[in-house]
Amino acid sequence: MSWDIEKIKADVAADVASASSLDALESVRLKYLGKKGLVQEMYGGLSEASADEKKLIGKGANDIKTLAEGLIADRKIAISAQSKRADAIDVTIPGAQRGVGTQHLINQTVIEICDVFERMGFVIQRGPEIETEFHNFSALNIPLDHPSRDSFDTFYLDQEDPQVKGHYLLLRSHTSPGQIRVMKQHKPPMAVIIPGKVYRPDAVDASHSFMFHQIEGLLVDKNVTFADLKGLLTAFCKKYFGDDVTMRFRPHFFPFTEPSAEVDIQSNIFKGRAGKWLEILGCGMVHPKVFEAAGYPAGEYTGFAFGMGVERIAMLKHGIGDIRTFVENDIRFLRQY
Ligand code: PHE
């Protein structure tokens, strides 16, 4: 039998090239190199061939075998690489954008307010959210029968104060207990700002929540006057709300300050509230009883304190009508700030 060696070589090349999967390539391999393949068939016919033919066919079969092995090996690599590429990441596709979070508006407001006071020399301090009756009330000159001590107005824990029998731990109802803690730890002069969460069992509505944030301020030194307090709070309001803001100090009562006042502000930047007085904080001169509770010698120091509601200020500044939106976690609300 005679073989067209060149034609077979061309067939091998064409078959290998058209094999598009590893299975198809294996069929091509069997066709030429398998036990019943063409190369074996060529070797099998050698015994009947003449000496000249033997030489030609033998060499032809060897060449075809070498060629087929080489081409199949290369093709195998190409097919594997192609299937790998199909699973690989296409780096040319535009990236999927992951939403970038923002700081919650309440935290932003706390940071902004503290920043104004820090630039005026105040230092940030923190107090615990679980407090004793002593720090939250007694030390602040709030008498035992004061209505704010009532369990309707304060969240009490089921746990007794380890220091005072019959007194229970509580969730602080204001940041003022921080005043006592700071004064017990440090000697005047001092100017501190104490931001944090406070808790009151209020019925939740558009302007009340059982948890909200306050920022307490305390400055103690010698010869501090109410004029210093007014000057500082005026500087704060202008800086934070803008030069257009007008303020008034309205006489008020707090057991831990004397005299005491509430501060109202007015500005036409407050959407829908132009011309209205809006209360933003309570303040006053530190009561001598508070200095006494902190262990300071009588008559040595004077100081002032103030406490402001963060939610209320954020609502004013950003025209937000409902305090509940801060905790509902609606991404469409949060995303705006
Ligand atoms: N603690 C007071 C409140 O929660 C605010 C206040 C702080 C008033 C400091 C005077 C001085 O209403």
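This is a predicted model: local features need pLDDT of at least 70, side-chain atom pairs count only at pLDDT 80 or more; totals for chains, interfaces and linings use all residues.
Let me begin with the protein elements around the ligand. Which element gives the most to the shell? That is β10, with 3 residues. In total, 14 residues surround the ligand. The closest are His-174, Ser-176, Arg-200, Gln-214 and Glu-216. Sorted by class, the shell consists of 7 polar, 5 nonpolar and 2 charged residues.

I turn now to individual atoms. His-174 places a polar side-chain atom 3.0 Å from a ligand nitrogen. For Ser-176, the distance from a polar side-chain atom to a nitrogen atom of the ligand is 2.9 Å. Gln-214 faces another element of the ligand: an N or O atom in its side chain is 3.0 Å from an oxygen atom. The cut-off for a polar contact is 3.5 Å between N or O atoms.

How much of the ligand does the protein bury? The ligand taken alone exposes 330 Å², and 88% of that is buried by the protein. As for location, the ligand sits in the largest pocket. Two or more residues of the shell come from each of β6, β9 and β10, which span 211-221, 278-286 and 302-309 respectively.

Let me step back to the chain as a whole. Its division gives domain 1, covering 5-87, and domain 2, covering 105-334.

The peptide bond from Pro-188 to Pro-189 is cis, and its omega is near 5°. Pro-189 belongs to the loop that runs between α7 (177-185) and β5 (190-199). A cis peptide bond also leads from Glu-258 to Pro-259, with omega near -10°. Where is Pro-259 found? Pro-259 lies in strand β8, residues 257-266. Finally, Asn-223 has a positive phi of about 60°, although Asn-223 is not a glycine. This residue is placed in the loop between β6 and α8, the latter being 226-241.

Thank you for your attention.

Definitions and conventions
Residues are numbered from 1 along each chain as its sequence is written. Side-chain values use heavy atoms; hydrogens and water are left out. A residue is near a molecule or strand if one of its heavy atoms lies within 4 Å of it. A polar contact is a pair of N or O atoms within 3.5 Å; within protein, one must be able to donate a hydrogen and the other to accept it, and residues adjacent in sequence count only if both atoms are side-chain atoms. Accessible areas come from the Shrake-Rupley method with a 1.4 Å probe; for residues, only the protein chains shown count as cover. On a 1 Å grid over the protein atoms alone, a cavity is a set of points where a 1.4 Å probe fits but cannot get out, and a pocket is an open set with protein on both sides within 12 Å along at least five of seven lines; lining residues have an atom within 4 Å of a point. A molecule sits in a cavity or pocket if more than half of its atoms lie within 2 Å of its grid points. Helices (H or I, at least four residues) and strands (E, at least two) are DSSP runs, numbered from the N terminus. Ala, Val, Leu, Ile, Met, Phe, Trp, Tyr, Cys and Pro count as nonpolar, Asp, Glu, Lys and Arg as charged, and the others, Gly among them, as polar. Domain bounds come from an automatic or database domain assignment.
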